[in-house]
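Reader: I am new to this structure and would like to understand the words used for it. Could you take me through them?

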Amino acid sequence: MAGGFAPAAGTTTAFEAKITPLVVISCILASTGGLMFGYDVGISGGVTSMPSFLEKFFPVVYRRTQQPGLESNYCKYDNQGLQLFTSSLYIAALIATFLASVTTRRLGRRLTMLIAGIFFIVGTVLNATAVNLAMLIIGRLLLGCGVGFANQAVPVFLSEIAPTRIRGALNILFQLNVTIGILFANLINYGTAKITGGWGWRLSFGLGGIPATLLTIGSLIVTDSPNSLIERGHLDEGKSVLRRIRGIENVEPEYLELVEASRVAKAVKVPVRDILLRKNRPPLVIAIWLQIFQQFTGINAIMFYAPVLFRTLGFGGDASLYSAVITGAVNVLSTLVSIYSVDKIGRRILLLEACVQMFLSQVVIAIVLGFKLKENSDDLSKGFAILVVVMVCTFVSSFAWSWGPLGWLIPSETFPLETRSIGQSVTVSVNMLFTFVIAQAFLSMLCHLKFGIFLFFSGWVFIMGLFAFFILPETKNVPIEEITEKVWKQHWYWKRFFD
């Protein structure tokens, strides 16, 4: 099914291509941008549960956590400054992605990734050496700029350089690196939390320099995508790169299609205005709603604050970090499931199955917490605590093979070349906006809604399932430059937007 009730698209053009080492290596190097993104997501939740970090930068929260029974379990970490530390990264990413749209289009995907790497390195140094809250926030803002540039360039680069038949799998390398980054961050936090002297959080931040350096070096090594080279007028170089990444001599059919797409793209003088045209509404609407839905699954609330969340539920310090490591590992393994299956069973099946799994797991968590967790005592029994961890892992696993990677994959492959850069900017900015909203509001929502916050997110998951079933088309095995003809114009609903 191409959509809720539409038949599958007709036959598509199958360009000849081998899976070359150059493509694989380029995709691995480029997707380290996701490694840094994931590390930043995971590291913030861990350090905010470390007493030494809280005592230095957030003494009010520190005093609450040191006095059992003083505050409701749900409200110990409710502090706007603490939430701003986490969320500032995402508001910076939102703003940076619009500048990144210009650099991606005019300078290419590779140089945009290089700029991201430099932002990551500087931000990491500032966070690791921070002596006051202002220095800490500035470092997070610079990391956010890196996220904006990396998330703008990497998914588009991966979609453009990959052969059609494995485009989904190679694109999801970005999301796989995000999950690996989160897992590494959780493991590092688990180790650095045990360091005596109160400087473990500095090491947690400082080790972020490793993925930042990998991305910077990788962006110097990889070649730009043929699409980007041709779009910027480097036709011969673009054709040469296309031969190298496809591993064949006869690339003329694909090359001519890229040249034609580039010609159409160059005719667009104001991409921001063009993306609002009626014919571009389907990919725009899909991209925006996928980002909103991705955040309102509640996944980042769990990933940002996993150690804090588990402490809230009555787990001790070590147990909370240990549980966060478990969820991080589940996240990585489940993303591998997506890499294996996305180009075999398609995008929509993964999304629909995950909605059922996420909905049920969140409802179970809400019921357990509603009946078993008291507000001012840590009396969640061991059995129920294990059940909560299992349900969180069930939720994380379903997200990791569906709405996580596909939320980035589908927008990156559905915009036509002439609006692809600005389309990716809209995708990243909407994602960062709602990531910021969730990061800034989650601890306050947890305090006021208590266990009901999981019912709030499960309601959104139910709506997402309806959206995926009725509105979302299938893009499996469709060449990236034929999405308009073979997907949008064939879909039962979206075809009305085309003459």
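**Surface and cavities**

Author: Gladly! Leucine 360 is exposed, with a relative accessible area of 51%. This is a predicted model, in which local features need pLDDT of at least 70, side-chain atom pairs count only at pLDDT 80 or more, and totals for chains, interfaces and linings use all residues. Residues are numbered from 1 along each chain as its sequence is written, and side-chain values use heavy atoms, with hydrogens and water left out.

Reader: Why is Leucine 360 called exposed?

Author: Exposed means over 50% relative accessible area, buried under 20%, and partly exposed in between (1.4 Å probe, protein chains only). Leucine 360 has 51%, so it counts as exposed. Leucine 360 is found in helix H18.

Reader: What makes the nonpolar surface patch?

Author: Val356, Phe359, Leu360, Phe462, Ile463, Leu466, Phe469 and Phe470 make a patch of about 710 Å². Helix H18 (347-372) and helix H22 (452-470) are the elements that give two or more residues to this patch, and H22 has the largest share, with five residues. Patches take residues with over 30% relative accessible area and no salt bridge; like charges are joined within 9 Å, and nonpolar side chains (Val, Leu, Ile, Met, Phe, Trp, Tyr) within 5 Å. A salt bridge here is a side-chain nitrogen of Lys or Arg within 4 Å of a carboxyl oxygen of Asp or Glu.

Reader: How many cavities of 30 Å³ or more does the structure hold?

Author: There are three of them. On a 1 Å grid over the protein atoms alone, a cavity is a set of points where a 1.4 Å probe fits but cannot get out, and lining residues have an atom within 4 Å of a point. A volume is the space filled by probe spheres set on the points.

Reader: Which residues lie nearest the centre of the largest cavity?

Author: Phe37, Gln175, Val178, Asn300 and Phe399 do, out of 16 lining residues. Helix H8 gives the most to this lining, with four residues.

Methods:
1 Å grid on protein atoms, 1.4 Å probe; cavity = no way out; pocket = protein on both sides within 12 Å on 5 of 7 lines; lining within 4 Å. Areas by Shrake-Rupley, 256 points an atom, 1.4 Å probe, with all protein chains shown as cover.
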